[in-house]
Amino acid sequence: MTAASTTAPHAVLRVEDLVVSFGGLAALMNVNFDVTQGTIHAVIGPNGAGKTTLFNVITGYLNPTEGTVFFEEHPITGLKERQVAALGISRTFQTVELFDNMTVLENVMIGWHRHIRSSLWACGLGLPFIRRQEAELRRKAMDILDFIGLADQAEDRADSLPLGARRILEIGRALATQPRLVCLDEPAAGLNETETETAAHLIRAIRDRGVTVLLVEHDIRMIMGISDRIVVLNYGEKIAEGTPAQIQADTAVIEAYLGDSGAGVYA
Amino acid sequence: MLRFSKIPIVVLAGFLLIFPLVCTGISALHGYISLMVFAGIYCLITIGLSLLMGYAGQISLGHAAFFGIGAYVSGIATVRFGVNPWFCMAGGMLVAAMVAALIGAPSFRLKGHYLAMATLAFGLIVNIVFREESAWTGGPDGLSRIPGLRLSGFMFNSTIRFYYLVWVIVLAAFLFAINVLQSPAGRALRALHTSETAAKSMGIDIARYKIMIFVFSAVLASLAGSLYAHFMRFINPSTFNLLFSIKLLIMITLGGMQSLWGAIVGTVLVTFLSMEWLQFFQEYESIVFGGILLLALIFLPEGLTGLPNMLAGRGKK
């Protein structure tokens, strides 16, 4: 499977010849793919395939050894995490990194940080425009909580929520930054079936709002159900790319997951 | 939501207003007014430290030095050059801000507790300068004949007048800090304390916020130093040593680091304990003081201001 990285005009994200090696160990080897605007694009692969490494490179948490990531035609490799976020790429974390000592509402309000004014002087003096801004932020944050279904828990502390709600809240916080691309790192990890369904539903709703979703996930059933396109990594290499139907029929993928004898399991 | 209720603030202001009147009436309490002046001066420093350490999670072991910078800029400029004390106060704050930015910028670019190390070294160096540059600072003997403060004819020449001056400034700083904490800037500070990883993904400029709050706390400490110099009208280097930096940490820890109220409560309590109530134990004072601290840390991990929550939590169980 060779990667044909044709520059489609509507590619919101383009990963080009990406190589990441830690010492002698190659975590990613010449990975190429495009993410189309307004789609749900999944990256799957067995443990250690390089999925999270890929995510960390795209969101600026890791510098690649070689290769470039383009966001809306501009190279973003080498930018800091904060700068990548400022361009409109938001992310969640496999380990769920919420601001635990704050309320659910405050967690979402922080999402607007890069869009608002927050000078120490203006805040300390309690200037009128800061107060107006706070009131508006609250309203917008409540809208997001309505959208993700956590409005009733707005005033609860984030660390009092069960894991499913925490993952949902983290997605809500990412949405609050008004991204054009959200990267979700295993949004269903550790969730039960109902919670996974809620998450899947939410991810579809996000795409329907016009936000492109890139997601890494282990839950194959969820991936097959919601993804528009799938990239499969194995040992740092892209071994397949296509629609869910194409991936399910791909022998290389089945081999990577189950060995030769496992053919037909996804059918 | 982090919200500070208005009632306790009004109660505090009322208490501060009548405190000197009560103390003047009762002869045994006369000395308490000047103790409260010291407590107020220290509160200015600990309010800044509470934002820096309690909310933003950055440790400084050198705030005695910023306190000293304020005191010595005021002392030297008024005694040696006859500059107006209010200008000296502003000048000290400016110097402290620049020095803090210089120390903070490199320390905050590194991961880990480099600020603690940098400020520890900085505090020691500044103290040596105070002691050795005797042509300017008066050396170990200190600097005397520092003028008092006056505001267009009104002299702050009594303890009570100084008391009101200091506490008006403390209350202003306290309200400023409360506003900061209830605003986007405060959320950013609390966010980077909880998870720098997540704060970055929100587009928060972590280094900028850390420097900003460090500079702010240094400016408050310098202001406190200037007030101290004009109140005591004499300063010497031993006031601004490492031990004092540690004492500031004790104040906010005892009061409750994750709370701005803790800074006030802890500071007033430690000031009264160390300058008055524990004097009874004479040479055993340090031991008793140490014992109180130890017990507080074991039984009140969230400080005195965490006590109501702790009791409420226990009641529920």
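Biologist: What makes the packing angle of helix α4 and helix α5 of chain B about 145°?

Modeller: In this predicted model, α4 covers residues 85-109 of chain B and α5 covers residues 114-132. Angles run from 0 to 180 degrees between N-to-C directions, so the value for this pair comes out at about 145°. Their axes are 9 Å apart, and the crossing of α4(B) and α5(B) is right-handed.

Biologist: Which residues meet there, α4(B) against α5(B)?

Modeller: From α4(B) you have Val99(B), Ile103(B), Ser107(B) and Phe108(B), and they meet Tyr114(B), Leu115(B), Ala118(B) and Phe122(B) of α5(B). Sorted by kind, that contact has seven nonpolar residues, one polar and no charged.

Biologist: Why is Glu81(A) with Lys200(B) called a salt bridge?

Modeller: The rule wants a side-chain nitrogen of Lys or Arg within 4 Å of a carboxyl oxygen of Asp or Glu. Here the N to O distance is 3.3 Å, so the pair of Glu81(A) and Lys200(B) passes. Across the interface of chain B and chain A, the rule finds four salt bridges. There are also 11 residue pairs in polar contact between the two chains.

Biologist: Which parts of chain B supply the side that touches chain A?

Modeller: α7 (159-181), α8 (184-194), α9 (196-201) and α10 (206-232) of chain B each supply at least two residues. α8(B) gives the most, with seven. The residues of that side divide into 17 nonpolar, eight polar and five charged.

Biologist: How many residues are in contact, and what area is buried between chain B and chain A?

Modeller: 30 residues of chain B are in contact with 40 residues of chain A. The buried area is about 2900 Å², with carbon and sulfur atoms giving 63% of it. In chain B, Met1(B), Arg187(B) and Met202(B) lose the most area to chain A, together 27% of what that side buries.

Biologist: Why do Arg180(A) and Glu72(A) count as a salt bridge?

Modeller: Their side chains come to 2.6 Å, N to O, and the cut-off is 4 Å, so Arg180(A) and Glu72(A) qualify. That pair links distant parts of the chain, 108 residues apart. Arg180(A) is in the loop between α6 (163-176) and β7 (181-185) of chain A, while Glu72(A) is in the loop between β4 (66-71) and β5 (74-75).

Biologist: And how many salt bridges are there over all chains?

Modeller: By this rule the count comes to 17.

Definitions and conventions:
Residues numbered from 1 in each chain as written. Chains lettered and ligands numbered in written order. Predicted model: local features only at pLDDT ≥ 70, side-chain atom pairs only at ≥ 80, totals over all residues. Heavy atoms only, no water. Contact = heavy atoms within 4.5 Å. Buried area = accessible area lost by both parts, 1.4 Å probe. Polar contact = N/O pair within 3.5 Å; in protein donor to acceptor, adjacent residues only side chain to side chain. Helix = DSSP H or I, 4+ residues; strand = E, 2+ residues; numbered from the N terminus. Nonpolar A, V, L, I, M, F, W, Y, C, P; charged D, E, K, R; others polar. Left-handed = near helix turned anticlockwise from the far one by under 90°.
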